[in-house]
Amino acid sequence: MKSLLELAGVGIQFGGLKAVDALDFTMPEGGLLGLIGPNGAGKTTVFNMITGVYRPTSGRIVFNGGTISGIGPSRITRLGVARTFQNIRLFESLSVFDNVRTAMITSLRHGISHALTRGPAFRAEEDRIRAGAMELLGIFDLAEAADRDAVSLSYGDRRRLEIVRALATGPRLLLLDEPAAGMNPTEKTRLMELIAFIRSKFSITVLLVEHDMKVVMGICEKIVVLNYGRKIAEGTPGEIRTSPLVIEAYLGKESAHA
Amino acid sequence: MKRYLPHTLLAAGLAGAAILHFVSPQLDDYAVNILVLAGINVILAASLNLVNGHTGQFSLGHAGFMAAGAYASSIATLALAPLVAQAGQPAQHALFLAALLFGGLFASLCGLLVGIPSLRLRGDYLAIVTLGFGEIIRVVIQNTNALGGARGLEGIPAWTNLFWTWGTAVVCIYTIACLVNSTYGRGFIAVRDDEIAAESMGINTTKYKVIAFVIGAFFAGMAGGLYAHLITFIAPEGFNFLKSVDVVVMVILGGMGSTPGVVAAAILLTLLNELLRDFEQYRMIVFALLLILLMILRPQGLLGNFHKRPKAKP
Amino acid sequence: MDWANLAQQLVNGLSLGAIYALIALGYTMVYGVLRFINFAHGEVFMVGSFAGLYFHRWLKPFCEGMPAPISAAVVLLASMGACALLGVVIEKLAYKPLRNRSRLTVLITAIGVSLLLAYSAQLLFGAAPKGFPQLIENQTISLGGEATVTTEQLVVLGVTALLLVALRFIVQKTRMGLAMRALSNNPTAASLMGVNTDRVISFTFALGSALAAAAGIFFAMLYQAIDPFMGTLPGIKAFVAAVLGGIGNITGAALGGVLIGLVETLVTAYSQNIGIPSGYRDAVAFVLLILILLFKPTGLLGKTEREKV
């Protein structure tokens, strides 16, 4: 199977601190990989490097055969990588519908002049986008809330909206940053179903950062474990569960959601 | 019929401006003057609102673009007016329109030059840099004898009237409203609300900021041209930092990001200016207190909808 | 090469730079603890000058018998004290309510405060420039050739140096200074460690404002005229100096102030040779600002701050 994402020797240094050091792993197309590790292990930093928010100081990140390390975030998204954020970052002045709309800007074929002249081409495109956004919102049970302010949604709904927004960019790779944070067990089960659904319906590869072991062990095909910025283990859930290195890394550090 | 609503409104607005102009001889000069000033302020406020309000880029140099447009259009009319004097009214109108557009384009070029280096700066730094650019433009004009230097430029033909002013205002509002209320235009607000999230959605935030800046500068330039051909005499001192602050107050009072709000605020403040004309000493003190109280008590102004992501706690 | 002229310009530039440095310190310290640009700081500088003028007038009867340097010192200290108080009051009334809001909100408020101060001064004192009294006898000392330095310039340089040393002592060796540094480094941790945030912030404003007042008096001494709007340009230039040196960095602010003073003076003095009309004097600082923000935004001595995503 061809690998969609490949990290080779990736590292980043902030001043004297090596937040991530010599990280290697690959993801096959259509796979679901979990990135876990104690707090501060560098997981979100890895996400930020893949999505271009940070530039790695060493190593290379390859997506779909092309190097993306060092490219800006908006270009990387247009190449097919989308993400959600650990602390939800919705556009708070916009409605639920508009939040999804913004993610579809990259698919626009017409720009300013059409927005100003508002001819048939403009109308057709706006209709296409409206239909697409409403369809996505419908699939995720957010269609009724479409005209409400994004900030007025419940926490669980806001997390879902963030995922919908990321999906609206039409990605091949979806990065989810602690999607289960703050959820109760019922919501977590629904989340796991949601992720499985996204994979199958949209044929998307998913990379997950998560603290909740139930979620990780439940859906990931492969797991990479980080500690202090380094990979300490890689394998299937079964292998990771019994790995002494991993147990040691977590020893004394109780996951709050376990 | 909804599909043609924007176009209908535009046509109606332009017609309204024309009617206003034809009715104007019935009104006294003083009232007409205030209405024209109000129109110019509406253009300034709406254009700055695109930059400051919708896109969240705090620019303190708007007066610089106004100056660029004022001087560019005035140079054009001063040079070419004698040539069309014989050709009659239609030629004069054409020249005026061309001069105004020239002023706007020149100002937008300045906007491009200012925007590209500045727009990667953080909010408060951007404010100071735009202030700096505004001052640089002013100092350049002041030291250029061909533009009249500190003495200013006089004898500009008095061609501004209610139609030109409110017609431009209508076009400005139409442009900005159409732009912002499209899918493309939602990008401006996304850039304002959360730049990192916007980039992550594939939005090229720098491009959006520059575009907002350039369009804002264009209309500021047109407002400058209209202003120059109203008062027929312009000097660099009239386009200083305080002028930029005047426009900022309108945008803040109206509510950053609300076009109707800033239009209302622009008209209101024009009237307030007139009322306080005899109390010039107190005018700026009133404005300053207004700013401070607004920020403390009602930062969203009259109609604003400002949900910028607060600075993350460490 | 006219060495005497160069020496003269260097002396002039240094004196001007000392003034900018004193103002810049206020900007940088406030930015350090509150992360915002106190736009009104230039006006505090202006108030300092006027305070000097009026204290000199009011205290004249009491200072009859004193030697000039002593009465000058009294005026200086009184003005510094008055402005320190002004700084604290401004912070408490206008900025404290906005502590948790976006920095832009506070910046806009600061612009409001700046305008309020300047226009109130205009209302009270009139727009026309006022002459500043001679605080100490001004003698000219020759440096060789045609170059001279005046006793006033020496006082400015000397007292500024003293103030910088005192500031360094306060910041490095006192508990309050330690608290300031802690707060500027990590506000949450500092307050968790028992630092009284409000007190430290007030102190920072008081300190910065006092230095700005000193700058105001020195400026008035050297240039002999004051007016309500004298604070705008020096204020902005001093801000540029703070950015040049690395905003938040005290040594940087002093360094930046001196640099800007020197560059501005030299560019104006040699404007014919460089081909820039001397009317562009005020644009020098802005151009420097733009260059610095383009090429080294953290300033000469500053460090980067990353936003946590």
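This is a predicted model: local features need pLDDT of at least 70, side-chain atom pairs count only at pLDDT 80 or more; totals for chains, interfaces and linings use all residues.
In terms of residue numbers, domain 1 of chain A is made of two stretches, 1-80 and 171-258, while domain 2 of chain A covers 92-170. Where these two domains touch, domain 1 of chain A gives 10 residues and domain 2 of chain A gives nine residues. If you look at the domain 1 side, you will find that α2 (73-79) and α7 (185-202) of chain A are the elements that give two or more residues to it, and that the largest share, three residues, comes from α7(A).

How many residues of chain B are in contact with chain C? There are 35 residues of chain B in this contact, and they meet 36 residues of chain C. On the chain B side, α5 (123-142), α10 (241-254) and α12 (280-297) each supply at least two residues, and the largest share, 11 residues, comes from α5(B). When we sort the chain B side by class, we count 25 nonpolar, five polar and five charged residues.

Now to helix packing, where two packed helices are described by the angle between their axes and the distance between the axes. In chain B, please find helix α6 (residues 162-180) and helix α9 (residues 205-231), which pack at an angle of about 175° with their axes 11 Å apart. Because angles over 145 degrees count as roughly antiparallel, α6(B) and α9(B) are therefore roughly antiparallel to each other. The residues that make this contact are Trp164(B), Thr165(B), Thr168(B) and Cys172(B) from α6(B), together with Phe219(B), Met222(B) and Leu226(B) from α9(B); by class, they are five nonpolar, two polar and no charged residues.

My last pair is in chain C, where the axes of helix α1 (residues 3-34) and helix α8 (residues 197-223) come within 9 Å and cross at roughly 165°. That angle makes α1(C) roughly antiparallel to α8(C). Is the crossing of α1(C) and α8(C) left-handed or right-handed? The crossing of these two helices, α1(C) and α8(C), is left-handed. As for the residues in the contact of α1(C) with α8(C), they divide into 20 nonpolar, five polar and no charged.

Key: Residues are numbered from 1 along each chain as its sequence is written. Chains are lettered from A and ligands numbered from 1 in the order in which they are written. Two residues are in contact if their C-beta atoms, placed from the backbone, lie within 7 Å. Helices (H or I, at least four residues) and strands (E, at least two) are DSSP runs, numbered from the N terminus. Ala, Val, Leu, Ile, Met, Phe, Trp, Tyr, Cys and Pro count as nonpolar, Asp, Glu, Lys and Arg as charged, and the others, Gly among them, as polar. Domain bounds come from an automatic or database domain assignment. Axes are lines fitted to C-alpha atoms, for helices over the stretch in contact, and angles run from 0 to 180 degrees between N-to-C directions. Angles under 35 degrees count as roughly parallel, over 145 as roughly antiparallel, 65 to 115 as roughly perpendicular and the rest as oblique. A crossing is left-handed if the near helix is turned anticlockwise from the far one by less than a right angle, and right-handed if clockwise.
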